[in-house]
Amino acid sequence: MSAPSPVPTEKGILQFLQICDSFYPADAVEAPVEQQRHWYDALCARFDRPLPPDMIFADGMVQRIPIRRYRPRKIITRTVLLYLHGGGFVVGSLESHHAICAEIADFAGAELVSVDYRLAPEFRWPAQTDDGFAVLKHLLAASNKVVLIGDSAGGNLAAGLALRARDEELSGVVGQVLIYPSLGGDLDAGSYVEMAAAPGLTTADVAYYREILRAPAGNAIAEPLQAASLIGLPPAFITVAHFDPLRDDGRHYAARLAAEGIEVSFREEPQMVHAWLRARHMSDGARDGFRAVCEAVRHFAML
């Protein structure tokens, strides 16, 4: 007999998972990509929220890359927030993280730019990081300070952009906020084994997303845990979910950053699962975790 799947006990997150299961099948990655995107869009729409009062947003382009700019009613810093959405590099869009981006911008009192980077399998690696880096360079060229933010696959991209900016000696990246990031950990060790059958994301799902992206193994930008050195990176806030195969990626990256003298704050949500950002208005744990994310963003934006 196989071991039972690890599950949280918090009522709000269990309700969240039940709703997710009704929109997004557990075996979704076995479906055609267009079907996956249809399910994901419907799931995101289910958890959509009204934007904060007086929030202004507008779509635009940086070179050929679609972006969405959010401007809250009160701006308290000139630092710009750059958001890279999750979705395994396969699903997700400007719409999927619309309210999340607006709420972060409102809390931080800062303009936020969300990137509609190209998705796999139509576009393989490095299309995704190249799109994000083009937008980052555009913002930095305008003498902006920038805070990098990303969840899941977007956390991977944000961490990779921090490394790229360091390696190209670009100044102005003042912080990185990585939310349950995928950073290239060993699929046969740690949380990838312990949480292989976790609700919301399985280790098999992670393997699927890696295969479809086709990033080169060991490449530091694609797998930041493989970077030879993290010296010179901006300060970081990393948050992970306990019931998530990606958990140890964030744990190990935070430990490496600290060991190499980089300022880092690490938070593990004991009752959370992957993608808990969407549960922020129905789960106590997700609500507290989201506030911690927003506070970290605001802290970096004020540096």
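A contact here means that heavy atoms lie within 4.5 Å. In this predicted model, 78% of the contacts in the chain with a separation of 6 or more are between residues 24 or more positions apart.

**The chain as a whole**

The secondary structure of the chain consists of 9 helices and 8 strands. The chain is as compact as a globular protein of its length, because its radius of gyration is 18 Å, close to the 19 Å that the globule rule gives for 303 residues. Along its principal axes, the C-alpha trace spans about 60 × 45 × 35 Å. Of the 303 residues, 57% are buried, where buried means under 20% relative accessible area.

**The annotated domain**

An unreviewed UniProt entry places the feature "domain: Alpha/beta hydrolase fold-3" at residues 81-277. Over residues 81-277 the chain is 35% helix and 20% strand.

**The largest pocket**

The volume of the largest pocket is about 820 Å³. Its lining is made up of 45 residues, and those nearest the centre of the pocket are Gly 200, Leu 201, Asp 205, Tyr 209 and His 274. The table divides the lining by residue class.

| Class of lining residue | Number |
|---|---|
| Nonpolar | 28 residues |
| Polar | 11 residues |

H7 supplies the largest share, 5 residues.

Methods. Residues are numbered from 1 along each chain as its sequence is written. This is a predicted model: local features need pLDDT of at least 70, side-chain atom pairs count only at pLDDT 80 or more; totals for chains, interfaces and linings use all residues. Side-chain values use heavy atoms; hydrogens and water are left out. UniProt positions are given in the numbering used here, feature names are shortened, and annotations may be inferred rather than shown by experiment. Helices (H or I, at least four residues) and strands (E, at least two) are DSSP runs, numbered from the N terminus. On a 1 Å grid over the protein atoms alone, a cavity is a set of points where a 1.4 Å probe fits but cannot get out, and a pocket is an open set with protein on both sides within 12 Å along at least five of seven lines; lining residues have an atom within 4 Å of a point. Grid points are joined across faces, edges and corners, and a volume is the space filled by probe spheres set on the points. Ala, Val, Leu, Ile, Met, Phe, Trp, Tyr, Cys and Pro count as nonpolar, Asp, Glu, Lys and Arg as charged, and the others, Gly among them, as polar. The radius of gyration is taken over C-alpha atoms; the globule rule is 2.2 Å times the number of residues to the power 0.38. Buried means under 20% relative accessible area, exposed over 50%, partly exposed in between (1.4 Å probe, protein chains only).
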